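Please look through the structure shown here.

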Amino acid sequence: MGGKLTFNGGIHPYDGKDLSKDKPIRDILPKGDLVYPLSQHIGAPAKPVVKKGDHVLTGQLIAEAGGFVSAPVYATVSGTVKAIEPHRTVVGDNVMSVVIENDGQYEEVDYGACKPLADHTKEEIIQKIQKAGVVGMGGAGFPAHVKLSPKEPDKIDYVIVNGAECEPYLTSDYRRMIEEPQKVIEAVLQLFDNAKGLFGVEDNKPDCIAKLTELTKDEPRMEVKALKTKYPQGSERQLIYASTGRAINCDMLPSDVGCIVNNVDTVCAIGAAVLENKPLMYRIVTVTGDAITDPCNFRVRIGTNYHELIEEAGGFKQEPAKIISGGPMMGFGIFDLDVPTTKTASALLCLTKDDVSAAKTGPCINCGMCVEVCPGRVVPSRLAKAAEHGDKESFVKMNGMECCECGCCSFICPAKRPLTQEIKSMRKMILADRKKK
């Protein structure tokens, strides 16, 4: 790894973080109705436990988990259940949702007294995380209690807090680490007796590294790892390799090499669940881009409409050509702002230019640049060709399932070919085929 904690491949896109990184987290209150999709996680949708006309309080359960791999949903305001009906989500799907009319009172349930962390059993910690509806907030949405329940917990050597935030423009994790670093280091290691806590932070955040290092200096089980600034350093496989030297492939879980990885926001939500009995109700969202008047980091109540986030950031200073949910590398373009903030929303990126649509696609010139930058060590140009021809067999033989869909190949391609998109579509089809079998 040549002295620097990193991985093979990767790129250095314009990071755009200066727009919002110095903007402290600001709490905002929703103005209109709140919409809670019942599927904000990987796994079975949650099942409503309220009906139209019910009065609910902030922090009240409105939908219970639909199975072990599922997560409950909680009201984030007080008010009246207006409807239980399908609503459009950020990915364009119509998802059954609970709609709550906000009464503006923000009356909250009593979460009850909480005992010190050291007095909790491992089972109690997992139960609290499960009950709180915590999911992976880095984007995957995998229920946290499932991830924290590996088959052999004694074989977990590292619990890694992912503070890399390598995706351009995003600064919500950075603000969390700067403003609330103590929340980031609570409740994680209690579950694994033999594990060491690692905080992986890119070296373009020296202030975060210094703050976390100071807070953990007397903790022999915790260490801060300064990672080389490079995209996609925060991708699970790349992060594990850079911080521990252990490698995993697409057929493995991090726990297979003794690692558990959680995003900064997820760890904070776990802390709130275990230490305060509070369910997952908020998330930090970066609203940014050159089309935004005042780029900001907001603490947003889940269910808040995206239109309101744009308003809070001063609206558009110029009509955006492209609006992306998430970052420019792994986020996705959205066509309608009338959608709710969910547990996995990380950013709203509004750009005055749509470089991707404007680019003219040409033929592959066999330059090999996509191979050079690919962190999955595959040949994207050939995989994309197999995908174009629907050749699943060749795609799998060429290790196409090792692609992490980071977008490095599409970014670097001089012919502007949509390599990631082709590969991603084929991977989806193959995974769907495997599910059927």
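The model is predicted, so local features need pLDDT of at least 70 and side-chain atom pairs count only at pLDDT 80 or more, while totals for chains, interfaces and linings use all residues. Residues are numbered from 1 along each chain as its sequence is written, and side-chain values use heavy atoms, with hydrogens and water left out.

Helices (H or I, at least four residues) and strands (E, at least two) are DSSP runs, numbered from the N terminus. Two strands pair if DSSP finds at least two bridges between them.

Strand β8 (residues 94-102) pairs with strand β2 (residues 34-37) in the antiparallel sense, over four bridges. Within this pairing, Leu-34 has Ile-100 of β8 as its bridge partner. Strand β7 (residues 79-88) is also antiparallel to β8, and nine bridges join the two. Here Glu-101 in β8 stands opposite Thr-80. The hairpin of β7 and β8 has five residues between the strands, and Gly-92 takes a positive phi near 95° in this hairpin.

The helix contact comes next. Helix α1 (residues 122-132) packs against helix α7 (residues 264-276) at an angle of about 115°, and their axes are 9 Å apart. Axes are lines fitted to C-alpha atoms, for helices over the stretch in contact, and angles run from 0 to 180 degrees between N-to-C directions. The angle makes α1 roughly perpendicular to α7 (65 to 115 degrees). In contact (heavy atoms within 4.5 Å), Ile-125, Lys-128, Ile-129 and Ala-132 of α1 meet Ile-270, Ala-273 and Val-274 of α7.

Technical notes:
Parallel < 35°, antiparallel > 145°, perpendicular 65-115°, else oblique.
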